[in-house]
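Reader: Hi! Could you walk me through a structure? I'm new to this.

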Amino acid sequence: MTSASESPLPARPRLIATDLDGTLLRDDKTVSERTVAALAAAEEAGIEVFFVTGRPARWMGVVSDHVHRHGLAICANGAVVVDLHAGGELVEVRGLDRAVALDVVRAVRDAAPGTSFAVEKTTNFDYEPQYPPFQDDPGANVAAAEKLLQEGGPGDGDPVVKLLAHHPSLTPDGFLTLARTAAGHLASFTRSSPTALLEVSALGVSKASTLALCCAERGISSDEVVAFGDMPNDVEMLAWAGTSYAMGNAHPDVIAAASGRTVANNEDGVAVVVERLVARARAEAERG
């Protein structure tokens, strides 16, 4: 593992894929002026920038002012592609079947009693009474997961993009391993929170798989992608990209998956690398 200043850069990068929380964003959830400038310079140099996050589309306001040419973002760990230029219009949804989600609830609850669940949909966020919501949602339905997911239940016509599972006492990584063992054949499990909070998507849906689809549509190969991340939900994306960087604050699994390492999010680790990419692209353009 080499540092940002030592890691070799891809020959001709065409796309930058970056996580948000703990990666592009500082801990206060802001985007620094240095990072804004670096992303703008990358787009001007002909390098596309994709935000690839576990956040739902409705939480993208923090970066919606910093998109440039295409404005596309991959949200909910790959379950949704949105157009931020069009006010968060959904471009693609790779949803989780409600019947499968119910099977996941049963399997995880059996394996880890005390688990509570929340249901992330394209329109809103519903949760069980025991689930610790991160923020108030006036449109939320509060009921048992079985009721929230049943046919004809609340918001039945809205696609489920992610199921969340919280446990009050298990360790985050221990809970992830336990859930994957119990229900990994049903859905994709990952996590991005420092607490025992799991994020469950349709089987095969991840940041990596949706990014690969978006790149294929543009004729971009994995070798032409530079990716950044900090938590387990970034691991597949970092392994897929030709060049990838774990943040200085990254989880050990992320460090192992990435080909390079940069400084922490609070030190503008993404910008540190992007500035190098842009400087080289400009130098090559000047040489013709």
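Reader: Let me start with asparagine 124: is asparagine 124 buried or exposed?

Author: Asparagine 124 counts as buried, because its relative accessibility is 11%. Buried means under 20% relative accessible area, exposed means over 50%, and partly exposed is in between, with a 1.4 Å probe and protein chains only. Before we go on, this is a predicted model, where local features need pLDDT of at least 70 and side-chain atom pairs count only at pLDDT 80 or more, while totals for chains, interfaces and linings use all residues. Residues are numbered from 1 along each chain as its sequence is written, and side-chain values use heavy atoms, with hydrogens and water left out.

Reader: Thanks! Where does asparagine 124 lie?

Author: Asparagine 124 is in the loop between strand 6 (116–121) and strand 7 (125–127). Helices (H or I, at least four residues) and strands (E, at least two) are DSSP runs, numbered from the N terminus.

Reader: And which side chains does the side chain of asparagine 124 make a polar contact with?

Author: One is the side chain of threonine 123, at 3.3 Å. Another is the side chain of aspartate 126, at 2.9 Å. A polar contact is a pair of N or O atoms within 3.5 Å; within protein, one must be able to donate a hydrogen and the other to accept it, and residues adjacent in sequence count only if both atoms are side-chain atoms.

Reader: Switching to rings: how many aromatic pairs are there?

Author: The count is four aromatic pairs. In phenylalanine 125 and tyrosine 127, the ring centres are 6.0 Å apart and the planes are at 40°, so this pair is tilted. Rings of Phe, Tyr and Trp (its six-membered ring) pair if their centres lie within 6.5 Å; planes under 30 degrees apart count as stacked, over 60 as edge-to-face and the rest as tilted. Phenylalanine 125 is buried at 9% relative accessibility, and tyrosine 127 is buried at 13%.

Reader: Now helices: at what angle do the axes of helix 3 and helix 5 cross?

Author: The axes of helix 3 (residues 98–111) and helix 5 (residues 172–183) cross at roughly 125° and come within 9 Å. Axes are lines fitted to C-alpha atoms, for helices over the stretch in contact, and angles run from 0 to 180 degrees between N-to-C directions. Helix 3 and helix 5 are therefore oblique to each other. Angles under 35 degrees count as roughly parallel, over 145 as roughly antiparallel, 65 to 115 as roughly perpendicular and the rest as oblique.

Reader: Last topic! Which residues does glycine 54 touch?

Author: Leaving out residues up to four places away in sequence, glycine 54 touches Ala76, Asn77, Lys162, Glu199, Lys207 and Asn233. Contact means heavy atoms within 4.5 Å. Glycine 54 is in the loop between strand 2 (48–52) and strand 3.

Reader: What about phi in alanine 76 and asparagine 77?

Author: Alanine 76 has a positive phi of about 55°, although it is not a glycine. Asparagine 77 also has a positive phi, near 55°. Alanine 76 is in the loop between strand 3 (72–75) and strand 4 (80–83), and asparagine 77 lies in the loop between strand 3 and strand 4.
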